[in-house]
Amino acid sequence: MLRDHAAYLACLTMPVIQTKGQQLFPELAVLMGGYFHQDFDINGDTLEKVVSAFVADSDAPLRRLVISDIDAFLATGEVGMEERFQAYFRPDIIPTEFRPTTREFLLAIRVELGAASAHSP
């Protein structure tokens, strides 16, 4: 029992390793890690259904923060976006399986979130 407790205490002092996406775009990182993961299809088999699950679990202020993160990420530029997205977020999914490009994938999420936020206080 003492060894298990010591291991637990050691884990508490270990540094938290964050991806660059978590550091720069934390709300978008939450959406990607929490909803667009390897088991994303538990929420549906389309981008719209997955975003709908996120909408059901979130409030309008959080959705606006995700939209802001999407805008900020898109503002990093077109060149190298696919690679940058992979490096920053290390997603378990391939955005181009949902839309032709990562940019279009993010814009589609933005549209869905914007529509949901327009109907929320």
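Reader: Which residues does P95 touch, not counting residues up to four places away in sequence?

Author: This is a predicted model, in which local features need pLDDT of at least 70 and side-chain atom pairs count only at pLDDT 80 or more, while totals for chains, interfaces and linings use all residues. Residues are numbered from 1 along each chain as its sequence is written, and side-chain values use heavy atoms, with hydrogens and water left out. Contact means heavy atoms within 4.5 Å. With residues up to four places away set aside, P95 touches F85, Q86, T102 and F105.

Reader: How many Å apart in space are P95 and F105, C-alpha to C-alpha?

Author: P95 lies in the loop between α6 and α7, where helices are DSSP runs (H or I, at least four residues) numbered from the N terminus. P95 is 10 residues from F105 in sequence. From C-alpha to C-alpha, the separation of P95 and F105 in space is 6.0 Å.

Reader: Is H37 buried or exposed?

Author: H37 is in the loop between α3 and α4. Buried means under 20% relative accessible area, exposed over 50%, and partly exposed in between (1.4 Å probe, protein chains only). Since its relative accessibility is 15%, H37 counts as buried.

Reader: Where around the axis of α4 do its buried residues lie?

Author: In helix α4 (residues 47-57), the buried residues are L47, V50, V51, A53 and F54. They cover an arc of only 150° around the axis, so they lie on the same side of α4. The arc is that of the directions from the helix axis to the C-beta atoms. The place of these residues is therefore the same side of α4.

Reader: Which helices do the buried residues of α4 pack against?

Author: Residues of α4 that meet α7 include L47, V51 and F54. The buried residues of α4 pack against α3 (26-35), α5 (60-74) and α7 (102-118).

Reader: Which word describes how α4 and α7 lie to each other?

Author: The two helices pack at an angle of about 45°, with their axes 10 Å apart. Axes are lines fitted to C-alpha atoms, for helices over the stretch in contact, and angles run from 0 to 180 degrees between N-to-C directions. Angles under 35 degrees count as roughly parallel, over 145 as roughly antiparallel, 65 to 115 as roughly perpendicular and the rest as oblique. The relation of α4 to α7 is therefore oblique.
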